[in-house]
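Notebook open, structure loaded. I'm jotting down what I look up as I go.

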Amino acid sequence: MLSTLQPPRCSLSRFPLHLPSKPFFFHSKQTPYPIANSALTDQLPSSNASQSLHSQILSIRHSLLSRQITATQLAESYLNRLRALEPHLNSFLHVSESVLSDAREIDGKIQRNEEVGPLAGVFVGVKDNICTAGMPSTGGSRILEGYRPPFDATAVKRIKELGGIVIGKTNLDEFGMGSSTEGSAFQVTANPWDLSRVPGGSSGGSASAVSARQCVVSLGSDTGGSVRQPASFCGVVGLKPTYGRVSRFGLMAYASSLDVIGCLSTTVADAGILLHAISGHDTHDATSSKREVPDFASQFSAVDSLESKPLKGLRIGLIRETLENGVDGEVKSAIRAAASHLEELGCSINEVSLPSFSLGLPAYYILASSESSSNLARYDGVRYGNQAVADELTGLYENSRATGFGSEVKMRILMGTYALSAGYYDAYYKRAQQVRTIIQKSFREALDENDILISPAAPSAAYKIGEKVNDPLAMYAGDIMTVNVNLAGLPALVLPCGFVRDGSSNLPVGLQMIGAAFDEGKLLKVGHIFEQTLSEGRFVPPLLADDIVG
């Protein structure tokens with residue numbers, strides 16, 4: 001059990017969240033659901049069950065339906081904390097003006113004994129490269145400053161249809177290009193565990209907001225680890241689904257063959273519930289899968305019902321290359337301790353070698369930059385984006401892009417354009433695609449021999465703001481643990497597994513679990529058991545009060 005490193009917590013009781021002190025659950029017979037989402041609730045425990053699935057979503061729902069609290073009271077509590085912490089964190093670029101009215105609408109339905117969706121009263125942060133109707137959606141870029149889409153992304157639409165409330169738009173590296181959220185055109189987000197450190201990126205705002213309990217869950221995008229690395233840095237759960245599991249409609253394209261919308265939450269159960277809500281085929285996205293979405297909630301078992309070896313027979317492969325040179329020593333220790341904990345739960349742990357693992361990083365940056373150079377061509381001040389003043393058309397294009405894009409975006413566009421140019425296509429882009437095929441094959445072979453692969457989510461814990469901003473190669477190297485999963489199109493779950501000590505700070509470390517394509521259910525089951533059996537594994541940042549529901 002990993003119980004040795006628990007960070008001290010100081011009180012901020014002036015930011016209370018008025019939820020009942022013990023977890024509550026709803027009885028599925030109390031509340032009807034839309035037929036398409038009945039699987040979300042059929043397997044969940046009754047409110048009087050003594051067992052806990054550790055879910056804020058379920059706790060909120062039962063509290064609303066039993067009328068212990070109103071959605072309006074919840075909204076006020078979350079908004080109060082959000083506003084109190086925002087000057088220190090800068091997690092959000094925009095806070096919705098309709099949160100209270102949306103909450104009152106839910107209260108009205110409950111008072112009239114009308115049906116409410118399974119996400120009623122759940123406050124969701126949405127990364128600002130995911131479109132939201134009537135709310136700013138800037139992609140973290142000046143070129144889209146002030147843009148308000150006339151439509152919702154499919155993932156956002158599905159959340160709203162199930163009663164979820166978008167609380168605001170979270171900060172990110174411009175168009176998702178970065179690993180620290182320092183690349184935003186508007187502000188730098190801080191890590192709730194240490195305000196002098198980065199939250200990771202590019203979904204740093206989404207991870208910081210969940211970690212600081214400014215929202216219940218959040219959506220991020222993951223092109224090369226942009227959900228999983230910030231989840232590790234901020235001590236929250238990050239879930240990257242299989243490519244095609246979630247529609248990309250309404251997600252601003254960075255690298256279309258790699259982009260996915262992912263989930264961030266404080267518990268594995270909430271990540272599974274959110275994933276179920278947003279998954280499924282979408283006619284607006286030809287790459288979305290038509291596979292039936294399984295009942296992820298049925299994978300969860302309360303800790304009191306577990307056998308002594310609940311994961312007996314599960315084969316876990318620890319990727320050898322992820323624990324070699326370049327990885328912080330304390331991170332290695334935390335991952336090995338997590339592997340030992342999985343072994344205690346009945347898993348068999350084997351070291352596996354993926355010789356092509358180190359090739360993923362250069363291949364990823366060639367492919368992602370190449371695709372971004374094509375995708376971002378639309379932002380020219382005529383078709384999309386803010387328009388600069390110019391005397392003629394060429395100057396308009398040049399000035400609009402020069403003033404609208406930040407330095408990192410410009411560099412990646414140049415890299416991608418170079419890799420796709422006639423004289424270098426075969427040497428760079430074509431070869432990177434060949435490496436991608438090799439990586440896909442190596443993962444497929446490893447997962448034929450193992451049920452799940454594990455690794456660190458990042459080679460280090462969160463680093464200082466400004467530490468790597470002038471060293472792009474060092475910044476890129478931080479993605480080495482995550483990019484291969486995107487190249488292979490596989491699902492991966494990151495959850496906190498321990499801490500490292502850096503000066504006066506205890507910083508969380510994330511364990512990455514990688515599964516076969518469309519096998520998110522197995523990852524969620526194993527992650528949920530791991531999370532519940534981790535001794536005293538309460539990952540709450542020091543700036544939050546002790547009585548906040550975990």
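Is S7 mostly covered or mostly exposed, and how many of its residues are buried? I found S7 mostly covered, with four of its five residues buried; buried is under 20% relative accessible area, exposed over 50%, and partly exposed in between, using a 1.4 Å probe and protein chains only.

Ground rules: this is a predicted model, where local features need pLDDT of at least 70, side-chain atom pairs count only at pLDDT 80 or more, and totals for chains, interfaces and linings use all residues. Residues are numbered from 1 along each chain as its sequence is written, and side-chain values use heavy atoms, leaving out hydrogens and water.

Next I looked up the partner of S7. S7 and strand S8 (residues 348-352) run parallel, joined by five bridges; strands pair if DSSP finds at least two bridges between them. Gly-317 sits opposite Asn-350 in S8.

Then the loop. Glu-307 lies between helix H8 (268-278) and strand S7 (315-319); helices (H or I, at least four residues) and strands (E, at least two) are DSSP runs, numbered from the N terminus. Glu-307 counts as exposed because its relative accessibility is 63%. From Glu-307 to Leu-345 I noted 9.0 Å, C-alpha to C-alpha, across 38 residues in sequence.

Last, a helix pair. H3 (residues 71-89) packs on H4 (residues 99-111) at about 155°, axes 7 Å apart; axes are lines fitted to C-alpha atoms over the stretch in contact, and angles run from 0 to 180 degrees between N-to-C directions.
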